[in-house]
Amino acid sequence: MIGKCSSCFMIVDGVPNVKTCREPVREGLVVERQRGWVPPAGGVELGGVENRELEADLLVVGGGPAGLSAALKAAEYGLDVVIVDEHLRLGGQLLKQTHKFFGSVELFGGLRGFQIAEEYIRKLESNEKVKVLSQSAVYGVFRGGLVGVVGRGAHYAIRPKSVVGSPGASERYLDFVNNDLPGVIGAGGAQTIMNEFGVKPGERALVVGSGNVGLIVSYQLLQAGVRVEAIVEILPEIGGWFVHAAKVRRYGIPILTRHTLRAVYGNERVEEAEVVEVDERFNPIPGSEKRFEVDLVLLAVGLEPDFRLFAQCGAAMKWSPDLGGPVPLRTSDLETSVRNLYVAGDASGIEEATTAMIEGQIAALSTASKLTDGSRASRAIEEAEKLSKFLWDEYRASPLLARARRGKLSVTVSREEMERIRSLNPSPVSFG
Amino acid sequence: MKRGSVTVVCRCNDVTEEEIAKAIEMGVDDFELLRRYLRLGFGPCQGRSCIMVAARIFSRATGKSMDEVLSNYRIRPPILPVPAKYFVRGVER
């Protein structure tokens, strides 16, 4: 429900496997439930696909906070930018963030997430250096650095000098009994339904995971008039920030640490959830089961970086438990082992929107330093260094970001080390 | 249609935790072999929800590290489902 999984696939106007979470409603639309195998759709019109070729200094894959800030920064340095984004509207996960951001004004402190997105969209719309392909997606990268994009009836073959990959992350799924019952959804999905579409997702909820997403979504559920029975957390302590935890506590929502969700039950949808206490080794303690009558179970158990673009390009990857999954190795200016392919935002190992925006800018500045010359190039290098210093030594110095900092450090290598990695893993594609 | 109490790992192809455990018990000792045997992650979402869940189960059961489990996992284009019309061209008769 944040546009990555297949859980919302339905048959729309006779075409199966349509992601209904991002399909706009229109007059006369026929939506049918999709169960099991669907025979190939008949009567689909072939042809009518426009084939276009595009060149760009920078291609940005994914128009969330990282991608948008990368695009704007690159345009500021005079680069021609193309943004490819799957959604109807740019902004990525910012669109559903109704809480205020912390931090300085330059980092949008005091604004709410969706307002930041509006700000970016306004700036990009009036910028003729930037071309936006929305409802479009990169489906593959090919030899010679050719990027294949499809969307809205057109196929694009794009030849960029450089790429910032900011495809985001998907919600982590959890294995428990009857986990495919309707009513079990990702917390981000619930945010989409409530905050973007204005639909109440259920009446009584259980939230799994007490990280920031779990805590914030609990508060948003209350705002939408949903009763939150409890938040369960398998670890001995609450994962999210104190401000968010204090807020939900004030509203009387119990946070059960050392507890996990074991099963959900119900006929057509979730009617009951079974929670159990765990010991130090996360093994369930017999006899400690608790049952909650709920029709909604939200999974807020973390995110998994979307690694597909980088893995397909042949970038050297590393699996990191601190970062939620496999991520590409990168230099401090966020270049991967595929030359001129950068990683920024959640895909680099998840943190939050503020670090995503900083990373996007660093990646764009590194590109700008290579594609411009003279004083412009040296200004880009200077600006990137300043941002990088702020990111590592100030912003991430907060103990709240210690885990992410450790994780990101473990996948960041020196330029010399990256050259060595490149010689050991020559990538089949290259840009530039 | 399987129902009753099941723990689903791959939602596209209805692969359960029980089936994965059974396959490992049968001697499937390579993650790619497991994927091919159970069609795990072969559905329209191409493993976006299930691969990491399955890899963790496999890592726990076999004692292999996650990097080792995933070492032969390849991503190939198309990296997401694309309607066929983008890749075919009609012939006029």
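Domain bounds come from an automatic or database domain assignment.

**View 1. Chain A by domains.** Chain A splits into domain 1 (1–40), domain 2 (52–170 + 304–424) and domain 3 (173–301). The centres of domain 1 and domain 3 of chain A, taken over C-alpha atoms, are 27 Å apart. This is a predicted model: local features need pLDDT of at least 70, side-chain atom pairs count only at pLDDT 80 or more, and totals for chains, interfaces and linings use all residues. Residues are numbered from 1 along each chain as its sequence is written, while chains are lettered from A and ligands numbered from 1 in the order in which they are written.

**View 2. An open sheet in chain A.** Strands (E, at least two residues) and helices (H or I, at least four) are DSSP runs, numbered from the N terminus, and two strands pair if DSSP finds at least two bridges between them. Here three antiparallel strands of chain A line up as β2-β1-β3. At the edges, β2 (15–19) and β3 (31–32) of chain A each pair on one side only. Two bridges link β1 (residues 9–12) of chain A to β3(A), and Val12(A) has Val31(A) as its bridge partner.

**View 3. A hairpin in chain A.** Strands β20 (residues 317–320) and β21 (residues 325–328) of chain A are antiparallel and share four bridges. Look for Trp319(A) opposite Pro326(A). Four residues lie between the strands, and Gly324(A) takes a positive phi near 90 degrees.

**View 4. Where chain B meets chain A.** Contact (C-beta atoms, placed from the backbone, within 7 Å) involves 32 residues of chain B and 33 residues of chain A. On the chain B side, β1 (8–10), α3 (51–62) and α4 (66–69) each supply at least two residues.

Terms used:
Two residues are in contact if their C-beta atoms, placed from the backbone, lie within 7 Å.
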